[in-house]
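Work through the following exercises with the sequence and the model side by side. Each task is followed by a solution that goes step by step.

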Amino acid sequence: MSNVAESMQERAEEFRNRYAAVREAIGKVIVGHDDIVHGVLTAMLCGGHCLLEGVPGLGKTMLVRTLSEVLDLQFSRVQFTPDLMPADILGTNMIVEDDNGRRRFEFQRGPVFTQILLADEINRATPKTQSAMLETMQEGTVTAAGKRYVLDQPFFVLATQNPIEQEGTYPLPEAQLDRFLFKLVVGYSSREDLAVIVDRTTRGEKIELEKVMDGSEILNWQKLVREVILAPHVQDYLVRLTLATHPDGPYAAPATNQYVRWGSSPRGAQTMALASKVRALLEGRYNVSFEDVRRVFLPAMRHRVLLNFEAQAEGIDADQVLLEILEKVPEKAE
């Protein structure tokens with residue numbers, strides 16, 4: 001038994017070291033935003049997708065580009081616009097002619113056939129185009145002309161959206177939001193970070209990045225994450241947190257009944273379970289604590305809770321409601 005525990009501890013330590021190596025490489029380009037970098041890497045190591053929300057110019061796209069340079073994975077970028085069609089992302093059948101003059105249909109793969117897909121300003125595309133992403137995000141496959149294509153693994157969608165400019169945008173439907181493991185809100189840089197950014201970007205310096213991790217290693221770490229122990233009492237805590245977002249339910253918090261129209265799906269609980277396992281490994285533990293769950297609650301839930309008109313009228317956002325839920329739900333069941 002002791003040998004198993006030692007082996008687990010060694011793997012957890014190696015996980016921390018490799019994680020730190022990726023984070024350090026990203027830090028050569030991205031200044032500050034530690035929580036955002038941490039959130040993106042956590043989502044990746046859980047095998048999930050990530051939505052980055054913030055005003056233009058905060059480094060969202062740069063972060064994803066830097067991540068693609070640090071990881072030895074295929075990378076594609078799609079700039080979402082209102083005239084973008086599903087075939088522009090997934091691919092389409094085209095007529096090709098062989099050497100004998102015979103014509104046939106051949107499927108030309110779109111930019112989604114990659115491993116890291118940057119969906120830039122995803123809320124600028126029409127719902128028809130947004131929905132083209134659903135199958136790829138959930139199943140890792142593309143179906144075109146009755147044929148199913150399997151995407152290479154690991155596969156991540158890292159999407160950005162601008163929350164302030166609403167003209168010419170289409171809000172993401174709840175079904176698609178639910179497929180993002182995390183929603184991360186990118187804020188402004190601090191005084192010190194902004195000074196470093198100006199220094200780095202206005203002196204003509206070019207930073208060379210090395211590949212730190214490849215796809216097979218990422219898949220191995222994803223397996224390790226799922227082996228971390230989630231004790232029944234901690235699992236019950238995250239289940240009750242999820243149920244506390246359901247209005248008029250037996251576990252609903254007062255803020256839920258007042259401000260929430262629809263609560264989280266089971267994916268919210270699954271996300272908290274996986275993400276808290278990553279947090280545990282980074283703390284050198286092979287079991288999840290209550291604090292691990294609390295630390296992943298906001299990014300896992302803020303896009304899965306739909307607020308009502310009363311919340312909008314009072315200027316209440318999802319984070320405020322979720323923080324009250326976190327305060328009201330006890331660690332141990334009554």
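**Exercise 1.** Does Phe113, at 15% relative accessibility, count as buried or exposed?

*Solution.* The model is a predicted one. The step that decides the matter is the cut-off, since buried means under 20% relative accessible area. At 15% relative accessibility, Phe113 therefore counts as buried. The ring partner of Phe113 is Tyr149, and the two form an edge-to-face aromatic pair with 6.0 Å from centre to centre and 85° between the planes. This pair links distant parts of the chain, because Phe113 sits in the loop between strand 5 (103-109) and strand 6 (116-120), whereas Tyr149 belongs to strand 8 (residues 147-150), 36 residues apart. Tyr149, with 13% relative accessibility, also counts as buried.

**Exercise 2.** Classify the geometry of the ring pair Phe15 and Trp221, and state which parts of the chain the pair ties together.

*Solution.* A pair of aromatic rings is described by the distance of the centres and the angle of the planes. For Phe15 and Trp221 the ring centres are 5.6 Å apart and the planes stand at 85°, so the pair is edge-to-face, given that angles over 60 degrees count as such. Next, locate the partners: Phe15 lies in helix 1 (residues 2-27) and Trp221 in helix 9 (residues 215-227), so the pair ties together parts that are 206 residues apart in sequence. Both Phe15 and Trp221 are buried. Finally, ring pairs link Phe15, Tyr19 and Trp221 into a cluster, and the count of aromatic pairs in the structure comes to four.

**Exercise 3.** Describe the salt bridge between Glu13 and Arg16, with its spacing along the helix and the accessibility of each partner.

*Solution.* Side chains of opposite charge can pair when their charged atoms come close. In the salt bridge of Glu13 with Arg16, the closest N and O atoms are 3.6 Å apart. Because Glu13 and Arg16 are three residues apart in helix 1, about one helical turn separates them. As for accessibility, Glu13 counts as partly exposed at 35%, and Arg16 is likewise partly exposed, with a relative accessible area of 31%.

**Exercise 4.** Which residues join Asp178 in a network of salt bridges, and where do Asp178 and Arg267 lie in the chain?

*Solution.* Begin with the pair itself: Asp178 forms a salt bridge with Arg267, and their closest N and O atoms are 2.8 Å apart. Asp178 is placed in the loop between helix 7 (174-177) and strand 10 (180-185), while Arg267 is in helix 12 (residues 266-282), so that the pair, 89 residues apart, links distant parts of the chain. Asp178 counts as buried at 11% relative accessibility, whereas Arg267, at 23%, counts as partly exposed. Salt bridges that share partners then join Asp178, Arg267 and Arg304 into one network. The structure holds 13 salt bridges.

**Exercise 5.** How many of the twelve residues of helix 13 are buried, and against which elements do they pack?

*Solution.* Check the length first: at 1.5 Å a residue, the twelve residues of helix 13 (residues 290-301) should span 16 Å, and the end C-alpha atoms are 16 Å apart, which agrees. Nine of the twelve residues are buried, so helix 13 is largely enclosed by the rest of the structure. Among them are Phe290, Val293, Phe297 and Met301. The buried residues of helix 13 pack against strand 10, helix 10 (232-243), helix 12 and helix 15 (318-328).

Conventions: Residues are numbered from 1 along each chain as its sequence is written. This is a predicted model: local features need pLDDT of at least 70, side-chain atom pairs count only at pLDDT 80 or more; totals for chains, interfaces and linings use all residues. Side-chain values use heavy atoms; hydrogens and water are left out. Rings of Phe, Tyr and Trp (its six-membered ring) pair if their centres lie within 6.5 Å; planes under 30 degrees apart count as stacked, over 60 as edge-to-face and the rest as tilted. Helices (H or I, at least four residues) and strands (E, at least two) are DSSP runs, numbered from the N terminus. Buried means under 20% relative accessible area, exposed over 50%, partly exposed in between (1.4 Å probe, protein chains only). A salt bridge is a side-chain nitrogen of Lys or Arg within 4 Å of a carboxyl oxygen of Asp or Glu. The expected span of a helix is 1.5 Å times one less than its number of residues. Contact means heavy atoms within 4.5 Å.
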